[in-house]
Amino acid sequence: MNQGLLLRFENLVQLRGACRQLRALSSRKVCGAQWKPVELSAHPVGSLLLHPQLCQKHRLISAALSQCRHLATKEEAKKKKKKIPLTRGEVEIRQKMTVEELAQAMGKDIDHIYEALLYTDINLDSVEPDSILHENHIKMIVQKSGMKYKSAKLKEEKERKNTDAVKRQVVNYPAVLTPRPPVVTILGHVDHGKTTLLDSLRKTQVASMEAGGITQHIGAFIVHMPSGEKITFLDTPGHAAFSAMRARGTNVTDIVILVVAAEDGVMQQTIESIQHAKNAGVPLILAINKCDKPEADPERVKKELLAHDVVCEEFGGDVQAVNISALKGENLMVLAEAIVALAEMLELKADATGLVEGTIIESRKDKGKGPLTTAIIQRGTLKKGCVLVAGKTWAKVRFLFDENGKAMDAASPGIPVEIMGWKECPSAGDEILEVESEQRAQEVVAWRTYVEQQEKMKKDLEVIEAKQKEHRLEYEKQQQKLAHLTWRQKKALLYKANKHLMFSRPKERTEMDENTLSLIVKGDVDGSVEAILNILDSYDCEDECKLDIVYFGMGDISENDINLAEAFNGVIFGFSVKANESIKKLADKKGIKIKLHNIIYKLIEDLKNELNSRLPPTVVETTIGEASVLDTFSVTVGKNKIPVAGCRVHKGLLDRKMKFKLIRNRDVIWKGCLSSLKHHKDDAQVIKMGMDCGLSLDKNLEFSIGDEIICYEEKEVQQTTSWDPGF
């Protein structure tokens with residue numbers, strides 16, 4: 001017991017000694033005297049007599065404490081000097097600096113930055129040490145601190161090496177060049193006989209080959225002349241596709257056949273076709289169709305074309321004119337001979353050696369074969385195993401097919417071919433280039449994808465910068481109205497505006513927000529947020545779904561944002577910001593969606609999808625069958641007389657499981673289900689087209705001869721918002 005009391009007393013003595021050391025430290029700071037360990041002579045003598053060895057032990061402890069504290073004080077002073085040096089002069093600033101980085105650059109603590117931010121419109125509740133500051137705010141903080149700023153030198157980004165595939169140089173050695181078939185496209189006005197002419201040329205080719213019908217149409221085919229020449233015809237690509245090919249500079253087409261109906265003459269699309277041919281620099285051959293009709297007037301067509309600089313040979317020009325009848329197959333070989341004659345004048349030749357070059361005419365997906373493309377080879381010879389690149393996809397050629405679906409071993413220049421082995425479907429008009437290996441093909445595709453992303457990001461940046469100026473002026477006008485208020489008062493105004501929603505019951509709030517999308521928008525810099533808000537200002541579909549911006553600001557996603565989203569049943573959209581793992585877990589726990597994007601148009605697309613999910617589905621009626629009431633009679637069941645209609649199905653079929661409606665004089669007078677459906681005297685589930693039946697409704701309703709019975713199916717279809725943000 002006495003031993004325990006002695007230990008307690010010893011501890012009290014040590015504590016008193018430490019307190020005396022602290023007093024000595026404070027007096028040293030005030031008086032500037034040198035700090036020395038204090039002797040314990042002032043201690044009561046009685047205490048020393050009680051424990052004779054305590055005095056010597058206490059002296060040693062106090063001396064050690066004083067030396068350790070003296071060393072610790074020096075180390076802390078050194079740290080403080082290193083952490084906050086007295087900085088005067090210029091502060092090096094850069095874009096997207098955080099609060100902590102700015103404090104280190106200025107040699108100040110973070111509290112100093114917070115004090116300076118009181119003079120701005122930033123909500124300090126949302127500012128964290130890692131929050132990114134706007135450039136204007138950074139400059140203002142430096143100036144308020146009595147310092148000057150200078151912009152840091154931007155680190156030059158390492159340019160990515162261009163790994164794109166390019167065409168080979170043009171070789172004009174006569175020994176290398178070999179003749180190739182001409183590529184012919186047929187253009188003209190609607191209903192002037194383009195498709196009929198193509199079909200007639202195909203039939204002629206099939207008859208000459210003594211084969212069956214065409215099994216597969218791939219958009220291009222070859223006609224073999226009796227003299228041995230070949231002509232490649234392209235199925236009409238349409239004016240848009242022709243323009244796209246011309247814009248890419250492919251010049252796939254060598255000759256254009258202009259089809260004009262003899263009885264109609266020059267029409268609007270005829271003029272457009274002439275313009276397309278002139279812009280591409282392709283020679284014309286005039287095919288005057290439907291000359292077998294009595295009202296045909298070929299001479300009038302030739303005279304009308306003079307006004308559009310199409311001069312036929314009869315009038316001293318260089319355009320051949322051939323009178324044909326595509327329907328009856330008249331003069332088709334004369335037209336083919338005119339094409340061959342023009343091709344000889346053009347001296348069409350190509351290099352059949354080296355890497356393959358070509359152009360895609362059509363692309364499609366086949367269930368069994370996968371992505372397929374129809375192409376025309378322009379240089380080189382395409383074989384199985386070749387590695388090709390087109391657009392942002394590539395292929396290792398597995399099979400080659402001709403226009404009849406027969407396998408080919410190789411395709412030379414001017415020959416249409418269907419290629420199997422693509423990873424994805426390229427676009428019509430894309431340029432085909434052969435590369436050395438699959439690895440090289442992947443490099444080319446990666447480079448092209450990278451270039452496309454850079455161009456999109458550049459356009460997005462231009463949009464943001466343009467909107468920044470416009471939105472900044474509008475924002476400053478709004479801030480001037482609230483300039484006399486502090487940021488706390490501004491926050492109080494926002495709180496009062498939304499107070500009725502904050503304290504509403506959860507059920508009331510969900511009912512109110514069923515057709516409302518509440519948004520919390522966060523961005524890395526003020527300009528990004530302003531650009532997004534400006535796009536949201538164009539939202540004009542409030543009748544479909546109301547868009548409510550609850551809060552917007554800068555910085556990473558915080559816990560306050562999660563709480564706001566929970567209160568308003570909203571969604572958080574972030575642009576170039578982050579959400580740490582704890583925030584993500586909190587959001588998952590509360591069922592809050594956080595959607596982060598780095599590209600502005602992807603953020604808007606995601607927003608549109610979210611709006612679509614809030615829209616109620618619409619019910620669409622799909623007609624399955626129609627029947628007419630030919631006779632009416634009644635059937636007695638028990639004591640009740642049930643009206644029965646004798647009908648005949650004239651379209652589709654009647655299925656008893658589906659819904660029906662009765663139409664009289666174009667008015668729907670009943671909707672529901674059938675109570676019975678019979679064919680003769682037998683119950684039936686389905687009545688097909690052309691069959692007679694008797695039916696009765698689930699409602700006692702009289703029929704009239706001439707009524708229409710419609711069998712239909714109801715399907716729910718998800719609505720899509722009609723909002724168009726402009727990109």
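Author: Welcome! Helices here are DSSP runs of H or I with at least four residues, strands are runs of E with at least two, and both are numbered from the N terminus. Residues are numbered from 1 along each chain as its sequence is written. This is a predicted model, in which local features need pLDDT of at least 70, side-chain atom pairs count only at pLDDT 80 or more, and totals for chains, interfaces and linings use all residues, while side-chain values use heavy atoms, leaving out hydrogens and water.

Reader: What makes Glu 610 and Arg 614 about one helical turn apart?

Author: Both belong to helix H19 (residues 600–614) and are four residues apart, which means a separation of about one helical turn.

Reader: Why is Arg 379 called buried?

Author: Buried means under 20% relative accessible area, exposed over 50%, and partly exposed in between (1.4 Å probe, protein chains only). Arg 379, in strand S12 (residues 370–379), has 12% relative accessibility, so the residue counts as buried.

Reader: And why is Lys 167 called partly exposed?

Author: Its relative accessibility is 41%, so Lys 167 counts as partly exposed. Lys 167 also forms a salt bridge with Glu 431, with the closest N and O atoms 3.3 Å apart.

Note on methods
Salt bridge = Lys/Arg side-chain N within 4 Å of Asp/Glu carboxyl O.
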